[in-house]
Amino acid sequence: MDAGLKDAPVLITGASGGIGQAAAKAFSRESARLALHCFSRPEAIEDLRNDIATQSVSLRADLRNAAEAAAMFADAIAALGRVDHRVVNAGVWNPCPVPLHSMSLQQWRETIEADLTSAFLTCRAFLRHLAETPRESASIVLVGSTAALIGEADHADYAAAKAAMTYGLTCSLKNEIVRMAPRGRVNCVCPGWTDTPMAAKYTSDESAVRRATATMALKKIATAEDVARAIVFLSSETLAGHVSGTILPVAGGMEGRLLHSPEC
């Protein structure tokens, strides 16, 4: 199905990660034009650009820094002419389990800065761009997490940051974007366990997979492409033109309780 994104200018932050790369390829298949951001793995972006057929530009910035976030957005506009669609995907997840009573203030601040402050700064830059150059339609898709929906013990920093994105930003910005773009939409996808390099330690462990899928109706781990297709769907006015403020779990029906015996 044609998503109506041919030549659409799309900015994806965190494009060097598994979900970001899959999203870039999915948008490329729709013939969108892409600005692809990374912070620490520029070589992955160049490899990605070699894999996609549509116009693309690579951008590098520390999105915790307001000046760098603004400069990145200016570079995206210079390369694409404008930005109509934002995929807010940059962030971190500390793989070391730390209960809140043992968590350092430094870890808490680092996670909030990387996941939530970066989302604030890049969404702010996008909305300022829309205010300066109003248009009928635009979209933001935030990449949250099931940790925002059901929590994640020993990763409360991550769950709190993603919950603020999933509920606070999504539900607030859907009402703000329409001031600049009357058909503008803001939505959020919440992946569960997804087979990406960041989660490879767990998705390659059969016992970990059994424990994770014991909470899912669909007893399987998602692929990055599963999430990417949801991102493209929500970005498309053709497919999701009357969908805004929606929180879409892509998690196989995951719940915060056991649905199956982990041994099965």
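Guide: Two strands pair if DSSP finds at least two bridges between them. Keep that in mind here; the model is predicted.

Visitor: Start with β6. Which residue there is the bridge partner of V141?

Guide: N187 in β6 is the bridge partner of V141.

Visitor: How many bridges join β5 to β6, and which way do the strands run?

Guide: 5 bridges join them, and the two strands run parallel. β6 covers residues 185-191. V143 also has a residue opposite in β6, namely V189.

Visitor: What about β4, how does that strand pair with β5?

Guide: Parallel again, over 4 bridges. β4 spans residues 85-88. V88 has L142 of β5 as its bridge partner.

Visitor: What do β4, helix α4 and β5 make together?

Guide: A right-handed β-α-β unit. The helix, α4, takes in residues 105-132.

Visitor: Is β5 mostly covered or mostly open?

Guide: Mostly covered: 5 of its 5 residues, 139-143, are buried.

Visitor: Which residues sit on which side of β5?

Guide: S139, V141 and V143 are on one side, I140 and L142 on the other. Both faces are covered. In a regular strand, side chains alternate between the two faces of the sheet.

Visitor: Zooming out. What is the strand order in the sheet?

Guide: β3-β2-β1-β4-β5-β6-β9. That makes 7 strands in an open sheet with parallel pairing. β3 (56-60) and β9 (247-250) are the edge strands, each pairing on one side only. On average, neighbouring strands are turned by 15 degrees against each other, direction ignored.

Visitor: New topic: helix α1. Which strands does α1 lie across?

Guide: β1, β2, β4 and β6. Helix α1, residues 18-29, runs at about 170 degrees to β1.

Conventions: Residues are numbered from 1 along each chain as its sequence is written. This is a predicted model: local features need pLDDT of at least 70, side-chain atom pairs count only at pLDDT 80 or more; totals for chains, interfaces and linings use all residues. Side-chain values use heavy atoms; hydrogens and water are left out. Buried means under 20% relative accessible area, exposed over 50%, partly exposed in between (1.4 Å probe, protein chains only). A crossover is right-handed if, with the strands pointing away from the viewer, the path from the first strand over the helix to the second runs clockwise. Axes are lines fitted to C-alpha atoms, for helices over the stretch in contact, and angles run from 0 to 180 degrees between N-to-C directions. Contact means heavy atoms within 4.5 Å.
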